[in-house]
Amino acid sequence: MNHPVLTPAFCAANGIIILRTEGRGSLANSIYFGMLDTDNAVLKVRISKTFHDSKCNFQKLEADIFNLELSRLFSEEKICEDLSKPEKKEDREAVRDSIIKDSAIDHISDDAPAVNLLNSIFLEAISMHASDIHIESGANETSIRYRIDGILTGIKTISQERALAVSARLKILANLNVLESRRPQDGHVDVRTNSYSLDVRISVVPTIYGESIVLRLLNRSDSLLSLDSLGFSAQHMDKLRGILRISSGLILVTGPTGSGKTTTLAALLKELNVNSSKIISIEDPVEYRIPGLTQIQVQEELGLSFDSSLRRIFRQDPDVIMIGEIRDTETAELAIRAALTGHLVFATIHTNNAIEAPYRLQNMGIPAYMVAAVLKMVIAQRLVRKACPNTGFKGRTVIAEIMGMDAELSALISNGQSSVQLLSYLRGVQFKTLFDDAGEKIASGITAESEILRELGSRE
């Protein structure tokens with residue numbers, strides 16, 4: 001007689017999984033279970049009674065490891081027919097109760113292999129701290145890659161048939177057209193695990209071999225990062241803390257896509273006093289849920305663009321406004337207007353460094369004197385991988401340059417001086433460039449020169 005099995009749904013609902021067995025024959029002498037909560041005595045007793053012919057050993061698993069093990073269980077080819085039918089009535093009820101809704105990714109839909117595969121992909125990506133999942137059709141098979149610490153990493157390949165099933169499943173969850181494969185589609189879905197709540201942004205684009213699907217994972221469950229944890233130097237932290245003393249004006253965070261601008265803005269907003277201020281953000285997408293803030297999601301198809309939303313929020317009596325991105329002249333003009341009328345405005349803009357930011361606004365049609373009047377600080381940043389003695393790199397940190405405005409610098413901008421003249425002045429007031437900050441982090445062993453070259457190129 002074979003020993004009992006745990007269904008994936010039971011494992012997900014109860015935070016327990018079989019790690020390994022020891023012994024020969026149909027019954028294992030010892031079974032090792034991983035648990036999210038080893039203090040759950042009731043579950044231990046239940047498991048011990050179920051596996052009464054074996055010695056049960058329990059050990060604690062961190063959420064990332066548990067999700068990785070669970071993803072492997074979900075990805076088994078015959079999981080549905082082998083493990084989805086509990087032997088006892090109470091187990092069947094546990095499985096039924098655990099299936100909260102289809103978008104709970106660590107729960108199984110017992111008759112859908114595509115669901116199992118998609119669940120395993122999500123869980124594996126979460127356990128590896130991936131920010132994006134790429135599902136890319138090729139001539140003969142489909143590749144699955146995860147973006148980890150900013151780098152795309154190949155994980156596995158699946159057949160075209162399985163890829164079609166996964167695509168259909170994603171479209172159903174996101175309320176997209178399942179039958180449409182010739183036009184691009186965008187959507188999103190909320191998914192949950194025991195430990196995470198995710199907002200998944202879905203982009204589907206047709207290719208010559210099928211479809212390219214990119215899933216952006218926005219983890220709502222993560223506690224919001226504090227400024228202290230982002231990796232800014234002590235000198236830069238002093239400047240950032242100075243923002244708390246600014247009551248009006250424009251503060252810009254600049255850098256390319258994926259440079260951590262939104263995270264820095266979210267951490268800055270968290271530092272403000274939400275109890276005595278009305279803080280409104282306009283974002284696309286809303287990546288962090290911050291208690292006390294009024295957060296607006298841009299929806300172009302409904303007429304809620306950055307500029308149209310910004311026009312409306314003036315009637316909401318805000319003290320602080322955060323604009324996810326200044327993309328055009330209209331948004332730039334409204335941001336300047338808000339800063340001129342006594343609001344504190346935070347925004348992101350795409351430039352290579354801090355010094356370029358005032359000129360970018362001028363290129364959008366904002367007069368130099370007006371830029372000089374409202375601009376209080378520019379934070380330019382990049383994310384680089386942190387050195388790890390065992391794996392090479394693990395995690396990321398920020399390298400930055402912060403241009404705080406003073407009367408002399410404002411005068412230079414207002415008078416139309418060049419970026420070379422601005423840099424010359426800043427050098428005289430101990431301005432630290434991106435390369436300067438990077439050099440300090442290399443010297444302290446936080447990152448490596450190869451990472452800086454990859455992200456910034458050479459200084460020349």
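# Close-up views of a predicted model

**View 1. Helix H10 packs against helix H11.** H10 (residues 306-313) and H11 (residues 329-340) meet at an angle of about 25°, and their axes lie 8 Å apart. Helices (H or I, at least four residues) and strands (E, at least two) are DSSP runs, numbered from the N terminus. Axes are lines fitted to C-alpha atoms, for helices over the stretch in contact; angles run from 0 to 180 degrees between N-to-C directions. H10 and H11 are therefore roughly parallel to each other. Angles under 35 degrees count as roughly parallel, over 145 as roughly antiparallel, 65 to 115 as roughly perpendicular and the rest as oblique. The crossing of H10 past H11 is left-handed. In that term, the near helix is turned anticlockwise from the far one by less than a right angle; clockwise gives a right-handed crossing. From H10, Phe 306, Asp 307, Leu 310 and Arg 311 meet Glu 330, Thr 331, Leu 334 and Ala 335 of H11. Contact means heavy atoms within 4.5 Å. The residues of this contact divide into four nonpolar, one polar and three charged. Here Ala, Val, Leu, Ile, Met, Phe, Trp, Tyr, Cys and Pro count as nonpolar, Asp, Glu, Lys and Arg as charged, and the others, Gly among them, as polar.

The model is predicted: local features need pLDDT of at least 70, side-chain atom pairs count only at pLDDT 80 or more, and totals for chains, interfaces and linings use all residues. Residues are numbered from 1 along each chain as its sequence is written, and side-chain values use heavy atoms, with hydrogens and water left out.

**View 2. Helices H16 and H17 pack at about 160°.** H16 spans residues 434-443 and H17 residues 449-456, with their axes 10 Å apart. That makes H16 roughly antiparallel to H17. Their crossing is right-handed. Leu 434, Phe 435, Ala 438 and Ile 442 of H16 meet Glu 449, Ile 452 and Leu 456 of H17. This contact has six nonpolar residues, no polar and one charged.

**View 3. Thr 447 sits in the loop between H16 and H17.** Thr 447 has a relative accessible area of 4% and is therefore buried. Buried means under 20% relative accessible area, exposed over 50%, partly exposed in between (1.4 Å probe, protein chains only). Neighbours within four places in sequence aside, Thr 447 is in contact with Val 384, Arg 385, Ala 387, Lys 441, Ile 442 and Ile 452. Phe 393 is 54 residues from Thr 447 in sequence, yet 8.2 Å from it in space, C-alpha to C-alpha.

**View 4. The largest nonpolar core has 41 residues.** A nonpolar core is a set of buried Ala, Val, Leu, Ile, Met, Phe, Trp, Tyr and Cys residues joined through side-chain atoms within 4.5 Å. Leu 250, Leu 252, Ile 323, Ile 326, Leu 361 and Met 403 touch the most other members. H11 supplies the largest share of this core, six residues. Apart from this core lies another, of 29 residues, including Ala 130, Ile 133, Leu 198 and Ile 213. Leaving aside neighbours within four places in sequence, Met 403 is in contact with Ala 354, Ile 355, Pro 358, Lys 376, Met 377, Val 378, Leu 409, Leu 426 and Phe 431.

**View 5. Lys 171 is a buried residue of helix H7.** H7 covers residues 160-173. Lys 171 counts as buried because its relative accessibility is 3%. Not counting residues up to four places away in sequence, Lys 171 touches Leu 176, Asn 177, Val 178, Glu 180, Ser 181, Gln 185, Val 204 and Glu 211.

View 6. Most residues other than glycine have a negative phi, and most peptide bonds are trans. With a relative accessible area of 53%, His 129 is exposed. Asn 175 belongs to the loop between H7 and strand S7 (185-192). It is exposed, at 70% relative accessible area. Pro 285 is in the loop between strand S11 (279-283) and strand S12 (294-297).
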